[in-house]
Every structure is written in C-alpha cells, then in structure tokens.
Amino acid sequence: MSEPVLSVRDLSVEIPTRAGIVKPVDGVSYDISKGEILGVVGESGAGKSMAGNAVIGLLSPPAHISGGEIWLNGKRIDHLQGEAMRRLRGKDIGMVFQDPLTSLNPLLTIGDQLSETIQTHLPIGRREAEKRAIAALDEVGIPGAADRIDSYPHEFSGGMRQRVVIALALCAEPSLVIADEPTTALDVSVQAQIIALLRSLCRDRGTAVMLITHDMGVIAEAADRVAVMYAGRLAELDTVRDVLTRPQHPYTDGLMASTPLASQGQTRLHQIPGSMPRLTQMPDGCAFHPRCPYAQDKCRSAPHPTIDGGRAACWYPLLQEAAE
Amino acid sequence: MNAYVKIKGLTRIFDVSKPWLNRLVERRSKAFLTAVSEVDLQIEERTTYALVGESGSGKSTIGRMLVGLLSPTKGEVEIEGVNLATETDVAKIASVRSNIQMIFQDPFASLNPRWRVRDIIVEPVASKGEDTNGLAERLLEQVGLHPGDAGKFPHEFSGGQRQRICIARALASNPRLIVCDEPTSALDVSVQAQVLNLMSDLKDDLGLTYLLITHDLTVVRHMADRIGVLYLGRLVEEADPKSLFETPKHPYTQMLLEAAPRMDGFGREVDPPQGEIPDPIDPPKGCAFHPRCPIATDICRQERPQSRRVGDALVACHLAE
C-alpha cells in the first residue's frame, strides 16, 4: 500500500485542570490511506472528536497536544502554528461538523461562502471561483445549483445544508476530510443520502475521510476500517467486518451486544455494567477493567495494554483460538 | 385485553401565521400547520405502542395531546373510557390524569437543577398533598440508583442516571400509562441498553402501558408490541413488529427500513431515498407521500387513502397489497 494520507503516531492531548492534568486522548495511533474511510467510534467522552480536532488544530486552550506526531502527506503538522495551520485548514484538510446550521454563516449567501473559501486557498479570480462553487454544489447533488448559489443557509432544509457544508469542505480539493458526526442531526432517509454522497465522493476523488460517529450502523455501512475508542485510548482497530463480527476487545463486544440491532429476538439487551470512568479518576491498568467481565490481575495493574501491532488493546483478547 | 387508550380522528393544527401587521404589509394570508391529521389508534393495556417517524411527522404532538400538554383541534382522546375533552366530572378527570406520566428526551433539561433529587421525585405526589415519607428512597432503589442519592442535585449524575431519575419521578404517582418521548435518544448505546432494560422490567413488574415515541427503528423493534408509522402527521401503517419489519406494506415504511443503517451492511450500496419530507404548511394533495413514492399513480395524487387492513397490518395506501 502507498504512503498514508494521514498518519497519527502516539497522539496525546492534555488539559490541565484544578484536579490535575487529564488526558482526553492518550497514545492514539492510526493511518488513513487515499480513498479510505476510517470510522472512529466511541461513546460520548471517549475522545473521538478531540482526536479529530487535534489533527486539524482546533483544540481550544488549555487543551493542547502533549505528545506524538501527526503527518499529513509526508509533512509533519502537529507543530504548525497560526498562519501555517490556517493555510492547511480548508486547503489540505476539510471539516464537516455535526450541525449544518451552526457551521454556515447565516448572513452570507452560500455562493459567497464557497467562493471565499476557494479564493482563499486557490489562486483564481472571482468569476472562476463562482464557476467552481456552482460545480461543487452540483457535485454534492443540489438541484439547480446555478440558481441556488445566491440563497442563504436558512432557505435550505437540513439535508441540503449538510450537502452545502460538504461542498464547502471539498471545494479546495483537500486530501483529507474530517467528518464529525455528519449525520447525527439528520433523519434516517436523509442520513442515507449523505452517507452515499460521502462514499461516492471519497471513491471518485480519492479523498481520505475520517468519519467520527457513535452510530455503529453508520460505521458498518460507510467505513472501510474502524477505530474503537474508550476513555481516550484506542480499544480496537481493524477492518469494519472483522471488528463488528468478531470483536476481540471485551468493550467492543459489549458495545455490539448492547445495540438493539444486534440482539434481535431477545427480551433483554446485553448490559455493560457501570459507566465510562471520569478522566480525572482513571483506573490503573486497562481503563475498561472495572466493567470488564474477563478482567484479571494483570488488567488492574499498570501499564495499560496497547494495540501494538495486534488488533485489540487487551491483554486477553477474545476469540484468539477461533482466529488461529 | 381491552384498549386503555382510544384515539379517534385526532387532529392538531397550529397557527404559524406572522403577526397581523406583517401580514398586512407583506400581503400574506394566515398560515396553518397540520401537525397531526386524523389519526386513529388504540393502545391495549400492559403493552408498548411505538410511534415512529422522522422529524416533523407529528409523533411528539400526539404524545403531548395524550398527556394533556396540548389540546386536540379535532378528534377524541379516550383514556380508561373517559373522554378528556368532553367529560365534566372534575374528580374523574383528575383520577385519569394522575394515571398518566411522561418521560422526556433530554434528561439535562427536564430536571430542575436547583431542586434536590428527593424533591424532584416526590413532586407528583406532594402536589396532591399526600404523604411522601421514604417514597423517593424506595423509587431510587427501584430504578437502580442508591437511596442515599436522594439528597444530591441533578448535576451530580450522568445522563443515564438522570434518565433513571426521570423514570423514578414518572413512577411516583403509581401511573398506569407512561408516555416516553425519545427516552434514550440523548444516551450512549451502552447506557441506552441499561435504560431500555429497566423500562422492560418495570413494565412487567408494575403492569405499565407505554406509548414509546422515537425515530430509532432498532429501539422500536426491540421494545414494541405494536408500531404506528407516521408520515407528515398521518398514520400510514400500523402493525406488530414482526410483520412490520419482515413484510412492510406501505412504500414509506419500505423506504424507511431500506434506508436505516444495518449492522451487517458492510459496504452496502443502497439507492438512497429520493427527496425530503414536504412542507407541512402546504402538504401535497392526495396521499402525502406521493411525490416521493416510486409506485404512485393518478389516484394517489387525487385522493387521500383511507386506512385498510392488508394481512396483519393497517395500511393507508391505495396500492399496498
């Protein structure tokens, strides 16, 4: 396989608080290749959005990258500050946020917003930029793009707005798009449209996509590989089919079993006892051990397990025998 | 089995007009939004009836009319055989009303942050002037929290724990019907499983009847005994979970099920559904679904279909078979 578009190595994010330093992202590593969709899944507070924001340099202080490296197309980007980072955003990395209404400027027409982005990043004139804007809207499936270019965001429905946001993220032809819960605010039928759109754009242009979501169903349909996060650490990382059908980490296993989709026909859903530990009160050893049905002494003592070449960050991964 | 709730021809129209001066200056007429349009349904005692639909389909409006937070524009709501709109006996209305409780979607917004958990939970009973000694502690234990939590404030709890507090509050007055409006939409998957299991247990232990309002088809399939699918304020299909999920009859239900993400749908190529929900202020003539329907014919554009029995299901479609 060729060199990955994005390569994150041992990334950690720290936030100093009164209760001490907390690590919302702790030693996370993954690659995304050209044309690949990497799903990042986890419950709220697992650090999945924080990891995405770290890549695009949108951590709000006092949160900061405290360790690790981020490489984009062979260039190291985790040190970049101010203007250099600003030029990278939009040009090399596009971003799609959850709520399409708050990520568009209500006072500018969508044509203005698109042309502004294009002109900021590409050396072309206003006319040419407008032409590109129409082409971009056309590409994301907005009917009558040439007529809608002078519309304001409020004149679009939720699904159409999210298409505009995707057009905005893609208009400067970035090599990586980070989509943070792009379909969570949308209805099921519109969600299916947006997923299909993301997938076809990714395939046609070879854009790498990091798809952050909590919805296992969306991951199953859209992603090629999936990274499961728990309490700021990677729990499991492999192809979607393997992780979802033969999970090796007990957390992934529990998560899968507790979705109503997976336990059809049973009267009770599988329950993971307890809840995710607070970042200020992280247990020693594996972060999942207090809730893990298979925990043993080794799990309770430091250091915590890492993926390290394998698939799951677990001392005693499930299904070992079956896999061999 | 007898019907605990009977809803007939239920309609709710909201006036969404601009203020009169704007209408005068801009020469606009009044605008009305039909949120719920002639819905008939019955909920059997000790069952879970689920209403599903996308945003704007009127599912929450029906729930609100059932508990009395909104009054119907037309139609009847009959609970325990008492028609709440026409009944004149105040004591009778009060006794029926105290048998209905509601759980809301957002456990962060539905608990008063300045009240202690004990006061929040006992409020439905205390407001009637009844004895609440030890009630909060007993209920907290019932929903899986610690009785000692009664003295705490809501901010000390996580989302799932707060939803348990909401459930405890709903149980305080010994209700028979609980309207659950998206009870787990704000929760994570593993917490959702805990809350759904708790709801099933309570239903069996206390003989509760649920009206479950949600957009999540997977939750519905797991929880419901009977499902009503809403589209633009109209009930388009009603069936039990097995026949609804295995042999959906209405084209909208078929589209919805096809579009829903599947756990086993690795790299599944679906033709995403075309179009979006039309503007409810100006709904399409005839069948509300016809502009998006793949099999629509002339009659669908002219005449609104009536609900009819097809197999095990009630379907409002001219062509379903």
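1. Two strands are said to pair if DSSP finds at least two bridges between them, and strands themselves are DSSP runs of at least two residues, numbered from the N terminus. The model is a predicted one, and the points below should be read with that in mind.

2. In chain B, strand β4 (residues 74–79) and strand β5 (residues 82–83) pair in the antiparallel sense over two bridges, with I79(B) having V82(B) as its bridge partner. Two residues lie between the strands of this hairpin, and E80(B) takes a positive phi near 50° there.

3. β4(B) also runs antiparallel to strand β1 (residues 3–15) of chain B, to which five bridges join it; K74(B) is the bridge partner of T11(B).

4. Chain A holds an open sheet of six strands with mixed pairing, in the order β6-β7-β8-β3-β9-β10. Its edge strands, each pairing on one side only, are β6 (93–96) and β10 (233–239), and neighbouring strands are turned against each other by 15° on average, direction ignored.

5. Within that sheet, β6(A) runs parallel to β7 (residues 176–180) of chain A and is joined to it by four bridges, and M95(A) stands opposite I178(A). Helix α1 (residues 48–56) of chain A lies across β3, β6, β7, β8 and β9, running at about 150° to β7(A).

6. Which residues make up the contact between the chains? Here 36 residues of chain A are in contact with 33 residues of chain B. The largest share of the side of chain A that touches chain B, six residues, comes from α7(A), and by class that side has 15 nonpolar, 15 polar and six charged residues.

How values were computed:
Residues numbered from 1 in each chain as written. Chains lettered and ligands numbered in written order. Predicted model: local features only at pLDDT ≥ 70, side-chain atom pairs only at ≥ 80, totals over all residues. Contact = placed C-beta atoms within 7 Å. Nonpolar A, V, L, I, M, F, W, Y, C, P; charged D, E, K, R; others polar. Axes fitted to C-alpha atoms, helices over the stretch in contact; angles between N-to-C directions.
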